[in-house]
Amino acid sequence: MARISKAYRLKLYPNRVQKAALARYAGACRWLWNHLLAMQQERYGAEKKFIFRFEMQKLLPGLKKEFPWLAEAPVHSLQRVCRNLHLALKGCFRNGKGFPRFKKKGVSRESFYVSNDTLRVEENRIVLPKLGPVKFRCGPVPEGKLMGATVSFDGRSWWCTVQCEQEAEVHQVAPEAETVVGIDLGLKDLITTSDGQRVKAPKNLRKAQKRLRRAQRMLARRRKGSANRRKQAARVAAVHRKVRDRRRDLQHKTTAALVGRASAVVTEDPNIRGMIKNRRLAMSFADAGWGEMLRQVAYKCEWAGKAHVMAGRFEPSTQTCSSCGTRKTGEEKLSLQQRTYRCGNCGLEMDRDLNAALNLRRLGLAALGLEDVGQAMPELAGEIRLPADACGDASAGEAASAASRYVSRKQESSDQPQMTDSQYANRSAGAHSHDDMRRTAERDAFHDSAFAGFQPAWI
Ligand SMILES: [Zn+2]
């Protein structure tokens, strides 16, 4: 038996009184975030210092006296705001995400956290603090130990994402070389697998994304505070919701199908700092939702008892020839626009994404200690369809069981000695030649933009 954590996304059906209360709690949390953030900003300006989580929590009683309506929100929800702000402030320097932003009413997602001690599920009702039982849509009912929940509003409905911990039977799958698959996440195609299959973003998602951009442009032209602006904002929110739902559905179906047909999956490491440098590029990366896909692959592998190998941060999977192992450096390096990999050494000509997926697979085989005997993957085609029933975590709800077999992400390649991250960092720090420094900067810029879509779960 192993312990796995699972999330259930429930659609809430609050009554009128509950609806108003939910909005007030979320509003109180938004206000608190903005209030504390403004305070932190001021403090940082004056003393170059932040106050951290528990000091922020100590301010709560005073604030509640000053603003009595704040006391109406559940105490754990307010404490969670302190924690989230603490993490955001800490993270803004470490992973370069930038300074936390103020939450705007009607623009930022309205949400608040609910701790486990006040949470209970009774048939088709979930008991929330200070609210009592709230109805939710029947579907998979949360099981196991409830760890906490986030209640949020998507512009139309209230949702409750419940985190549960469950005991589950583990069925470990032994990786077989034939069904080890490398997955490259791209811009043009959503994913490319090492056996040459592709998943494209479906037309209706791309159309909705276009519609969203158009709606946003129109919103920007409307005068602030006008009735037309308010109407347009509601339209933007509706398109946004549609895009999000479709994307979520596609991501779950894709990752479930990928993990289902492989005995081991090799991907890039999602834990790479994300900073939006090139806005246009970052936009399309964020649309592709790489970080979320990688996160899903990781936990779905865990539940299915399959190995998931993550290639190290500095594995140049796009720059290496999958046939002879030659690595492009300096001027030769493939830019993001170049779609074909041409090897100067062995003459290989191949789609860049497929080449990268093959490299990832090779790394995975080495990490798992398997001989390459070619691939015999079951077809992916036909498995991923996009019906209208976009229902979030449903695909994740079925099969489950755990204890992952993470293989070290620092692998030895058979062709060239690979540097570990710290070695690379040392080298970068001591880079002497101008060329070296430029190359480092280029690589960082690529990684920064590549993982701009990665967001921690609580945002
Ligand atoms: Zn080659």
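Which strands does helix α1 (residues 16-47) lie across, and at about what angle does the helix run to β2? In this predicted model, helix α1 lies across β2, β5, β6 and β7, and its direction makes an angle of about 95° with that of β2.

**Overall make-up**

The secondary structure of the protein comes to eleven helices and 15 strands, and buried residues make up 32% of its 459 residues.

**The seven-stranded sheet**

Seven strands form an open sheet in the order β2-β6-β7-β1-β5-β4-β3, and their pairing is antiparallel. The edges of this sheet are β2 (110-115) and β3 (120-122), each of which pairs on one side only, and from one strand to the next the twist averages 35°. As a general point, the strands of a sheet pair through backbone hydrogen bonds, in either a parallel or an antiparallel way.

| Strand | Partner | Sense | Bridges |
|---|---|---|---|
| β1 (residues 2-13) | β7 (residues 158-168) | antiparallel | ten bridges |
| β6 (residues 145-153) | β7 | antiparallel | eight bridges |
| β4 (residues 125-128) | β5 (residues 132-136) | antiparallel | four bridges |

In the pairing of β4 with β5, valine 127 stands opposite proline 133 of β5.

The strands β6 and β7 form a hairpin with four residues between them, and in the turn glycine 155 has a positive phi of about 100°.

**Helix α8**

Does helix α8 lie mostly covered or mostly uncovered? The helix is mostly covered, with 16 of its 17 residues buried. The length of α8 (residues 352-368) can be checked against expectation: at 1.5 Å a residue its 17 residues should span 24 Å, and because the C-alpha atoms at its ends are 24 Å apart, the two values agree. Glycine 369, which comes just after α8, takes a positive phi of about 70°.

How values were computed:
Residues numbered from 1 in each chain as written. Predicted model: local features only at pLDDT ≥ 70, side-chain atom pairs only at ≥ 80, totals over all residues. Pairing = 2+ DSSP bridges. Helix = DSSP H or I, 4+ residues; strand = E, 2+ residues; numbered from the N terminus. Expected span 1.5 Å × (residues − 1). Buried ≥ 20, exposed ≤ 12 C-beta atoms within 10 Å, placed from the backbone. Axes fitted to C-alpha atoms, helices over the stretch in contact; angles between N-to-C directions. Contact = placed C-beta atoms within 7 Å.
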